[in-house]
Amino acid sequence: MTLGFGQIAFLVIAALTVAAALAMVLARHIFHAILLMIAVFVGVAALYVLLGVSFMAGMQLFIYVGGVSVLAVLAIMVTRGFMGDRPRPARSTYGAAVVAASVFGGLTWLILQVPWPSEPLVPAPQNDLAVLGQVLVSRAGYAVPFELASLLLFVVLLGALYIARER
Amino acid sequence: MVPLSWYLILAAALFSIGLYGLLARRNLVMLLMSLELLLNAVNINLIAFSRYLEEGQVVGRVFALFVYVIAAAETALGLAIMIAVWRTRQTVAVDEIDTLKG
């Protein structure tokens with residue numbers, strides 16, 4: 001079986017992403033973990049580019065690399081002095097590893113049971129952002145969940161400000 | 001093209017790694033970051049399904065955008081709670097925050 005460009009690119013990106021994710025959950029130092037988390041997010045954005053949904057890749061970079069990571073860095077700056085993480089007792093770490101490995105094994109087994117398509121149904125859409133926007137705000141589409149999401153974000157950010165305020 | 005099952009297995013791997021981080025780490029920041037890994041794995045699945053199986057190519061992306069909203073809300077609230085806990089208890093280790101333990 002010869003590998004095409006897309007497949008090689010996928011394998012490289014996937015290997016880097018999984019390696020960064022593994023290093024992230026195993027990192028002793030919280031700041032290293034945040035940097036590795038950014039690497040995972042960039043890897044996932046690269047996968048979106050490979051899938052042909054570059055708008056989602058842009059959103060991934062904006063929201064995760066730009067937003068969530070900055071938030072995490074600010075939070076560890078505020079809680080100065082707790083940069084490290086004492087390990088849990090080895091017994092519970094082994095338990096977590098067993099649970100995670102069996103979840104992965106089970107999911108992989110299930111995935112391999114199904115004859116998934118190897119080709120996308122339709123070619124990657126070009127410049128269909130207008131369609132996405134119309135679906136999001138049309139009443140037949142997702143206008144109500146969209147407005148609820150904005151309300152949720154507003155309430156959550158106000159609540160976060162209230163919880164984290166200086167007393 | 002890349003078969004759909006590759007994306008699904010990659011998402012399963014990211015999900016399991018996030019689950020391990022959630023169960024094995026003690027720092028609240030690490031738990032929140034592991035949660036983000038889980039949500040990212042779900043998003044990969046949603047977008048891959050939308051790309052391979054959906055005629056209109058829109059619904060999967062809409063759901064992924066809603067997952068982004070939830071993820072942002074969860075991070076903001078979680079980190080705010082973490083800062084509040086740090087102010088009162090001077091720790092962010094989840095097994096030392098046990099005031100409600102009977």
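Start by selecting B:Asn27, which sits in the loop between α1 (4-24) and α2 (28-53) of chain B; helices here are DSSP runs of H or I with at least four residues, numbered from the N terminus. B:Asn27 is buried, at a relative accessible area of 0%. On the scale used here, buried means under 20% relative accessible area, exposed means over 50%, and partly exposed lies in between (1.4 Å probe, protein chains only). Now show B:Val29 as well: its backbone nitrogen is 2.9 Å from a polar atom of the B:Asn27 side chain.

Before moving on, a word on what is on your screen. This is a predicted model, in which local features need pLDDT of at least 70 and side-chain atom pairs count only at pLDDT 80 or more, while totals for chains, interfaces and linings use all residues. Residues are numbered from 1 along each chain as its sequence is written, chains are lettered from A and ligands numbered from 1 in the order in which they are written, and side-chain values use heavy atoms, with hydrogens and water left out.

**Across the interface**

Next, colour the two chains separately. How many residues of chain A are in contact with chain B? The contact takes in 88 residues of chain A and 74 residues of chain B, where contact means heavy atoms within 4.5 Å. Together the chains bury about 7,500 Å², 76% of it on carbon and sulfur atoms; this buried area is the accessible area (1.4 Å probe) that two parts lose on being put together, summed over both. On the chain A side, α1 (5-26), α2 (30-51), α3 (54-78), α4 (90-113), α5 and α6 each supply at least two residues that touch chain B.

If you look for salt bridges between chain A and chain B, the count is zero, taking a salt bridge as a side-chain nitrogen of Lys or Arg within 4 Å of a carboxyl oxygen of Asp or Glu. Polar contacts across this interface come to twelve residue pairs, both residues at pLDDT 80 or more. A polar contact is a pair of N or O atoms within 3.5 Å; within protein, one must be able to donate a hydrogen and the other to accept it, and residues adjacent in sequence count only if both atoms are side-chain atoms.

B:Asn40 is buried, with a relative accessible area of 0%. Apart from neighbours within four places in sequence, B:Asn40 contacts A:Phe41, A:Val44, A:Tyr48, A:Gln60 and A:Tyr64.

Then go to A:Leu26 in helix α1 of chain A, which counts as partly exposed at 47% relative accessibility. With neighbours within four places in sequence set aside, A:Leu26 is in contact with B:Tyr20 and B:Arg25.

**Rings**

Now display the aromatic side chains. Over all chains there are seven aromatic pairs, counted when the rings of Phe, Tyr and Trp (its six-membered ring) have centres within 6.5 Å; planes under 30 degrees apart are stacked, over 60 edge-to-face, and the rest tilted. Select A:Tyr142 and B:Phe63: their ring centres are 6.0 Å apart and their planes are at 85°, so this pair is edge-to-face. The pair crosses between chains, from the loop between α5 (129-137) and α6 (143-164) of chain A to helix α3 (residues 59-89) of chain B.

A:Phe10, B:Trp6, B:Tyr7 and B:Tyr52 make up one aromatic cluster. A:Arg165 lies over the face of A:Tyr162, 4.1 Å from the ring centre; the rule asks for NZ of Lys or CZ of Arg within 6 Å of the ring centre and within 35 degrees of the ring normal.

**Last stops**

B:Leu46 is partly exposed, at 24% relative accessible area, and touches B:Gly60, B:Phe63, B:Ala64 and B:Val67, not counting residues up to four places away in sequence.

In the loop between α2 and α3 of chain B, pick B:Gln57. Its phi is near 65°, a positive value in a residue other than glycine, and B:Gln57 is buried at 3% relative accessibility.

Finish in helix α2 of chain A with A:Ala45, buried at 5% relative accessible area. Its C-alpha is separated by 9.7 Å from that of A:Phe55, ten residues apart along the chain.
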